[in-house]
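Here is a short note for a colleague who is opening this structure for the first time. Please keep the sequence and the 3D view at hand while reading.

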Amino acid sequence: MDFGRYGRELLLELKRSNAAYNDTLVSSCLQDLNLHVCALGDQVAAASRDQHASTDGKPKLSMSVRPSILLQEAAIHRNKRCLLTYHWVRLQRIQKQYWSPRQEENEEPQQLGPAEEDFLQAYQQLHQRYAQNTLPFVDDLRAHAGLPPLNTERVLLRVVTAPTEGPVVLASGVSVEFRVGATHFLPWNDVEEWVRKGHLRVLTGEEHNE
Amino acid sequence: MQTKNYFDVDAILAEEELVPCQSNFDFSYLSHLDPDERPGKRHYLPEGTKFKVPVWAVEKWATLGFVKLSLPRHFGRKARERIEAGEADIRKRNERFFIAGKRLGDLLDNYTAHVEKAWRRSGDSDQRLLELIKRESAQLRRTLLSAYTGQRLSQTLNWALSSVGDDVTEYTKGLTELERRLFLLGATSASSHEAWKVYGNGRLLPVTEHKRTIRSVTPDLQAPGNKRQRIS
């Protein structure tokens with residue numbers, strides 16, 4: 001029985017990395033919690049026996065045993081909180097993985113255990129069912145989550161100021177001539193720099209209908 | 001920043017801070033808490049023993065007056081003076097220095113409030129000790145506030161909002177967890193702002209299909225003072 005050690009290690013692992021679900025540590029933490037529950041029960045039973053033994057009309061727990069009982073109770077709550085937090089944080093990460101499937105640069109992907117894979121699948125199916133039943137014109141809720149385009153995706157653009165003079169061949173092999181006011185449908189990778197500089201503007205659905 | 005969330009990992013880890021205390025009577029079954037205790041010699045912790053326990057373990061004892069509390073060394077008076085002078089590596093003392101410090105301040109305030117009430121009822125009193133603890137708690141809070149909101153805060157915000165795309169490892173490695181959270185929020189906001197300038201700079205236009213519907217209702221459009229006419 002080590003007061004709160006396994007719970008602390010679980011949370012430190014959460015902070016350190018996106019490692020897989022640590023079944024061993026979770027089991028150790030649960031075992032520790034159960035040991036505290038047993039110890040608490042034994043101490044309360046022993047204290048109750050002493051209490052009955054000292055018949056003075058008002059049964060009271062001995063003062064000397066109260067700190068230990070309170071400590072066991074605090075350790076039980078502590079382990080419970082660590083276990084619940086560990087699982088809650090991992091669930092948040094799994095849900096985030098669904099909503100933001102593209103990882104940031106240098107970000108370690110979250111490794112999932114078998115039960116977590118099942119949860120992610122069930123979560124995806126839940127969202128798909130919701131989309132099909134309530135928003136028939138929406139294939140994927142994530143498409144409306146405001147994600148920026150992938151490098152290989154094509155985007156609709158309007159030319160604000162011509163970034164080059166005359167026709168130009170882009171890195172993807174597309175040949176284009178930029179005229180002010182013209183609309184093009186080009187790979188994002190080729191035009192990102194011009195968009196950032198303000199020469200081209202990405203169009204939304206409403207602007208396309210203008 | 002919310003730190004009272006049940007699932008806040010940093011708040012939970014901050015409660016691991018060891019608090020020096022002294023038992024006010026014999027504690028049964030807790031002889032192992034005495035750092036000088038030889039195993040098997042006793043089954044209780046004697047009155048007056050000095051030992052250290054985490055904040056989460058001592059909270060209930062403190063409110064019931066089972067122990068006397070004091071501040072950990074790196075939250076004590078000399079350490080606070082060094083922090084206020086800007087000479088201390090705060091993260092090295094405790095990665096969750098500000099969260100743990102606030103937690104300790106709350107613990108001391110609870111302790112003094114409950115003990116004072118109990119002593120008033122029983123007629124006992126050690127006002128000098130209580131005043132000392134209240135003063136320590138107030139000074140600790142002042143130090144935490146001045147350290148967090150001083151130069152460190154302005155530097156953190158400056159770096160967070162102006163370092164989009166830069167390597168900030170050198171700066172962030174000296175920050176406590178609370179400051180890192182603040183930094184991350186600022187950096188995320190700055191990146192989102194940059195992304196908005198690129199992807200979200202279009203004008204909002206009225207929906208064209210609605211316009212076509214209005215135009216098709218010709219007789220009503222001719223009537224004077226008609227709302228549809230005004231809209232078209």
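Predicted model: local features only at pLDDT ≥ 70, side-chain atom pairs only at ≥ 80, totals over all residues.

The points below go through the two chains, their interface and a few single residues.

1. Local features are given for residues with pLDDT of at least 70. Pairs of side-chain atoms count only at pLDDT 80 or more. Please read every point below with that in mind.

2. **Chain A, overall.** Chain A holds six helices and five strands. Along the sequence they run α-α-α-α-β-β-β-β-α-β-α. The chain has 210 residues, and 35% of them count as buried. Its accessible surface is about 12,700 Å². Carbon and sulfur atoms account for 52% of that surface. Take the contacts in chain A between residues at least 6 apart in sequence: 65% of these join residues at least 24 apart.

3. **Chain B, overall.** Chain B has twelve helices and five strands. It counts 232 residues, of which 40% are buried.

4. **The interface, extent.** The area buried between the two chains is about 3,400 Å². Carbon and sulfur atoms provide 66% of that area.

5. Six salt bridges are found across the interface of chain B and chain A. One salt bridge joins A:R78 to B:E15. Their closest N and O atoms are 2.9 Å apart.

6. **Helix α2 of chain B.** This helix deserves a separate look. α2(B) is mostly covered, with seven of its ten residues buried. The buried residues are B:V55, B:W56, B:A57, B:V58, B:W61, B:A62 and B:T63. What covers them? From chain A, the cover includes α3 (66-99). From chain B, it includes β1 (18-23), β2, β4 (50-54), β5 (67-69) and α5 (97-122). Just after the helix, B:G65 takes a positive phi of about 75°.

7. **A:D32.** This residue sits in helix α2 (residues 23-53) of chain A. Is A:D32 buried or exposed? Its relative accessible area is 2%, so A:D32 is buried, the cut-off being under 20%. A:D32 and A:N79 are 47 residues apart along the chain. Their C-alpha atoms are separated by 7.9 Å.

8. **B:T49.** Look for B:T49 in the loop between β3 (44-45) and β4 of chain B. B:T49 counts as buried because its relative accessibility is 10%. Leaving out residues up to four places away in sequence, B:T49 touches B:C21, B:Q22, B:S23 and B:D34. Its side chain also reaches the backbone oxygen of B:P46 at 2.6 Å. B:T49 and B:R180 are 131 residues apart along the chain, and their C-alpha atoms are separated by 38 Å.

9. **B:T172.** B:T172 belongs to helix α8 (residues 169-172) of chain B. Why does B:T172 count as buried? Its relative accessibility is 15%, and buried means under 20%, so B:T172 falls on the buried side. Apart from neighbours within four places in sequence, B:T172 is in contact with B:R180 and B:F183.

10. **What to check in the view.** Start with the salt bridge between A:R78 and B:E15. Then find A:D32 in helix α2 of chain A. Finish with B:T49 and the backbone oxygen of B:P46.

Terms used
Residues numbered from 1 in each chain as written. Chains lettered and ligands numbered in written order. Heavy atoms only, no water. Buried area = accessible area lost by both parts, 1.4 Å probe. Salt bridge = Lys/Arg side-chain N within 4 Å of Asp/Glu carboxyl O. Helix = DSSP H or I, 4+ residues; strand = E, 2+ residues; numbered from the N terminus. Buried < 20%, exposed > 50% of the residue type's maximum accessible area, 1.4 Å probe, protein only. Contact = heavy atoms within 4.5 Å. Areas by Shrake-Rupley, 256 points an atom, 1.4 Å probe, with all protein chains shown as cover. Polar contact = N/O pair within 3.5 Å; in protein donor to acceptor, adjacent residues only side chain to side chain.
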